[in-house]
Amino acid sequence: MIWIAIRMLTGDAQKFYGLVFGIAFSTLLITQQLTIFVNLIERGASGTYNVSSADVWVMDPVSRTTDVNFPMPSTALDKVRGVTGVEWAVPHLRAGASVRTSEGDLEGVSVIGVDDATLIGLPKRMTVGSPDVLSQPDSVIIDDVGLTRMFEDGRSPIGERLELNDQRAVIRGVADAIPSFTSQVTLYTKYSQALRYVPGTRNRLSFVLVGAEHGVSPEELTRRIEEQTGLRARTRDEFAQDGVDFIIQNTGIPLNFGITVLLGFIVGVAIVGLTFSLFIRDNIKQFGALKAIGVTNGKIRKMVAAQAGLVGLIGYGLGVLGTVFFIWGFSGNPTFKGFYIPWQIPLISMAAVFVILALTGWLALRNVLKTEPASVFR
Amino acid sequence: MAETDIQAATTAKAAICSRGVTRDFKAGQQTITVLHGIDVDIRAGELTYVVGESGSGKTTLISIMCGILWPTEGEVKVFGTDIYDLSDTELVEFRLNNIGFIFQQYNLIPSIDAANNAAVPLIAQGMDRLEAREKAVAMLEKLNIGNQAGKLPSQLSGGQQQRVAIARALVHEPRLVVCDEPTAALDAASGRRVMDLLREVAVAEDRACIIVTHDNRVFDLADRILVLEDGRITHDGSEMPEGH
Amino acid sequence: MAFDFRNMSFSRQILPVIAIIGLVAAVIFIFFGLPDRELTEPDREPPRAPDAMAESSRVAGAGIVEPSSELVQIGSALSGLVTGLFVQPGDRVSEGQVLFTVDDRAARASLQEARAAIAEAQASIAEANTARATASRQLALYRNIDDPAAVSRAEVIRAEGEAASANERLRLARARLEAAQARANSAQTEIARLTVRAPIAGEILAVNIRKGEYVSTMGGGGNAQPFIEMGQTQPLYVRIDIDEEQAARVAMGADAIVSPRGAAERRVKASFVRAEPLVVPKRSLTNSAQERVDVRVLQVLYELPESNGLFRVGQQVDAYIPAGSGAQGDAE
């Protein structure tokens, strides 16, 4: 009977493709918009995730995110090192600065000072050069997305001279980093160098990056550090979440994307619901005949479920495929750098498709189940 | 059907026994009684016509007799089974196994070919699709349209569609065939051919065949004619009464 | 299930297959597209808490390596051109060894002058002696003549005067000699002062002068660079800054674990020397004119063991010191 149901469904090509299109469109809209939404707000956490080796971030109690920070006195580093369970701790500086390029343009950049000796705080991978170039005087490493903003003509930035706080800075490498929410140009340099590049204030130490001893959980360590030093300590994941929360709280992004996703859902319900109802109504006589011949309501339900299932499978598959093509197609674009599809999102859109089909299928089925077999004799 | 076999011995020729079948329809505040206590036996091996004006209740009567419409009162035994004593699911099963339907508008599924349309009851019974199709093709051949087996209903003429519908009604060898206005959409010659065909393939020793019609051109082919007027049987005989 | 190829249908067979392939592709894409957020170990060894102190309470501090004599910045007492430089950085010198000399030509000239004056004075002394001898002989002669008429009274008086004058001349000449000798001594002292010598035994750490350069008495110890920096580098000390808030926790007298910046895996044990009695403002590297200081540090000195060039004077180090609570007792 399911074979017949599928035949009935695909026999009406117009409605079948209408249904598939409706589901595919909804899936695409929901999946793609949710993907972009998640990736966009996770830009708030990129500063945290770019540093691959720190278990815990320690900061002034008023600091909120990697970019919204209040510097600490330099002895905070030693205070943190004195805490039991801290395997290592290194200084980390993040501050905004204005840079003058060799053409004389002014560009706002964020300067990141990494530990002089270990270079902890640099992104994991480099696009051009190696982290060792920082040992040369006046060296900075630029991030790859910042590179496209700063050198729009695509020429090699290696050896380019910049002027930062009246100091000379030479680009000697390009880091492979996830850009920040604002896609600001980021310059990595040594901590001691960064002190010179950032206009002076008394305290400079933005963060202390901490590695936990084996056997000490980051959560436990943050508790100890906060207790002993009075500074604010966050685990890597907590701090990444702080960055995301900051964007959620301070931008209209969740609302905008929420509206789009809802629209996708409504469009899906509307298209699929209408088409499905039309399809069932067109076939109501056949269903009535089947019921008279001796097909139980349970089998009818299974038939409609199979039809919905096929539409759902094809529509969902094409929709997800579309999203994958979208993300894959734009992966070379700096705006979309590092974009990925979190595995939860296809599951969410699958649930949405399920709800759409269950809802519309139920509505359409009600007609069929209400049809009296006797109606076929009239 | 073990129980029907036992019943068959007692009521040898009574395929359907309806006793005191009454049916009311509610129209707003009013209750309209369509059938007034019908007592009739339909015998197997005969071609029985149910004839009447529209509104006389003939469709209601055969709907009740073949188990798709509940009577308000009375009981119906089909081959000894009190069908309105069965649960809903059992009744559906009973219809599937014992009754073949030929609808006025055929109600073929447009997106599957003639053979598959004819095989629907077998498929619904759970038979493998290809096996069912084979049997259906055999039945179509019996009805002289075996060469049309692979065509969609929309590619067939009205008469051919009718034959496919007949094949569907007979393919699972039901013991009761119910036929609603089989000739209504056909010209006189085709109508007659269909009736001849029905006589030929549907009437069997242990099979009852009820045809609802008001087509006077084919009355002469009936074994028995029941005339219904205002919910009552006014005539029961092998010939039409005078005046019709 | 038998497959009827004649009924191969786009919507019934091909589309679902495309959809399933699409889903599989999407799963693969999503799986491999997930961002790399793995925590990694740092490439280069960061300063870690030593194993012995990993689980106990401890105090961390940063410090600078210095000579055990502290840094001696050699100055010059006199200004002038450098004429001789006898050491280079890394030389070990003993106490009193000549380090450099300043132009001593003026001093030598005055020594020469003094020596000439000495000779002159000595000549005067000789001449005066001779005159005195002549005069005294003549006077003796006159005295031995009994006949008063033989020598006039005036002659005698003249001879007595000559003898006295010769004596005076001799005294004058002696005084001149002393003065000349004093001048010569003074010139020699000056020459000695123009030769700068090592005040202690130790190692030359930096030489900031070259032959021919002018050294001024204003140099050294002030704003200008010291001419030569030296110190006793056997053993080396390390001066650890401890935040005043943490100072109370330090276990005074316990050994510290010290590692140089950039070679955190090479740790040595340094023994306690003393804590400076004075808590000083933390030295910061901000170079800001309006710099304000609110962090003060306790400085604690530790003696580094012989480490074969691992530590050098002026190098920054990271140190871990046991905290002086119950944990210290456990460690010992």
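**Domains, interface and sheet in a predicted model**

Good morning. The C-alpha centres of domain 1 and domain 2 of chain A lie 48 Å apart; the domain bounds come from an automatic or database domain assignment. This is a predicted model, in which local features need pLDDT of at least 70 and side-chain atom pairs count only at pLDDT 80 or more, while totals for chains, interfaces and linings use all residues. Residues are numbered from 1 along each chain as its sequence is written, and chains are lettered from A and ligands numbered from 1 in the order in which they are written.

Domain 1 of chain A comprises 2-43 + 252-377, and domain 2 of chain A comprises 73-230. Their contact takes 4 residues from domain 1 and 6 residues from domain 2 of chain A, where contact requires C-beta atoms, placed from the backbone, within 7 Å.

I turn to helix packing. Helix 2 of chain A and helix 12 of chain A (residues 344-370) pack at about 150°, with their axes 9 Å apart. Helices here are DSSP runs of H or I, at least four residues, and strands are runs of E, at least two, numbered from the N terminus. Axes are lines fitted to C-alpha atoms, for helices over the stretch in contact, and angles run from 0 to 180 degrees between N-to-C directions. Among the residues making this contact are Ile23(A), Ile30(A) and Leu34(A) of helix 2 and Ile348(A), Ala352(A) and Ile356(A) of helix 12 of chain A.

Next, the interface of chain A with chain C. The contact takes 46 residues from chain A and 50 residues from chain C. Elements giving two or more residues to the chain A side include helix 1 (2-11), helix 2 (13-42) and strand 2 (86-100) of chain A. Which element gives the largest share of that side? Helix 11 of chain A does, with 9 residues.

Finally, chain B. Here 6 strands form an open sheet of mixed pairing, in the order 6-7-8-3-9-10; two strands pair if DSSP finds at least two bridges between them. Strand 6 (99-102) and strand 10 (232-237) of chain B each have a single partner strand, so one side of each is left without a neighbour in the sheet. The twist averages 20° from one strand to the next. Strand 3 (residues 47-52) and strand 9 (residues 224-229) of chain B pair in the parallel sense over 5 bridges, and Thr48(B) has Arg224(B) as its bridge partner in strand 9. Helix 2 of chain B (residues 58-65) packs on the sheet, its direction making about 155° with that of strand 8 of chain B.

Terms used:
Contact = placed C-beta atoms within 7 Å.
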